[in-house]
Amino acid sequence: SIPAHTNLITQLKFAHSSSSQNGEFLTSSSFDGTGKIWSTRDWKLLTSLQGHEGKVMGIDVLDGPQCGVVTCGFDKTLKLWQ
């Protein structure tokens with residue numbers, strides 16, 4: 001197991017990045033107010049996404065010409081991370 005978040009995990013999403021040589025990723029969102037991106041090669045944290053005012057309810061990956069991650073929060077906002 002990996003110590004991923006300090007509170008309840010709300011969603012996990014596996015993704016393959018065709019625009020990156022890093023390959024497969026796992027994204028996670030949590031009640032701790034963060035989204036995180038993990039490498040599935042070694043399960044290391046690549047980045048932590050902070051910016052919501054409160055719980056992060058969901059996360060998804062955008063692949064293609066405009067790759068990135070989108071999160072939705074309990075603060076009634078969507079955030080696009082590139």
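The legends below describe close-up views of one predicted model. Residues are numbered from 1 along each chain as its sequence is written, and side-chain values use heavy atoms, with hydrogens and water left out. Because the model is predicted, local features need pLDDT of at least 70 and side-chain atom pairs count only at pLDDT 80 or more, while totals for chains, interfaces and linings use all residues.

**View 1. An open sheet is formed by 4 strands in the order S1-S2-S3-S4, with antiparallel pairing.** Strands here are DSSP runs (E, at least two residues), numbered from the N terminus, and two of them pair if DSSP finds at least two bridges between them. Strand S1 (9-16) and strand S4 (45-50) stand at the edges with a single partner strand each, so one side of each is left without a neighbour in the sheet.

**View 2. Strand S3 (residues 34-39) pairs with S4 in the antiparallel sense.** The pairing of S3 and S4 runs over 5 bridges, and within this view Gly35 stands opposite Leu49 in S4.

**View 3. A salt bridge joins the side chains of Lys13 and Asp60.** The distance from N to O is 3.6 Å, and a salt bridge is defined as a side-chain nitrogen of Lys or Arg within 4 Å of a carboxyl oxygen of Asp or Glu; by this rule the count comes to 1. The pair links distant parts of the chain, with Lys13 in strand S1 and Asp60 in strand S5 (residues 56-62), 47 residues apart.

**View 4. Lys13 is partly exposed, and Asp60 is also partly exposed.** The relative accessible area of Lys13 is 29%, and the relative accessibility of Asp60 is 33%, where buried means under 20% relative accessible area, exposed over 50%, and partly exposed in between (1.4 Å probe, protein chains only).
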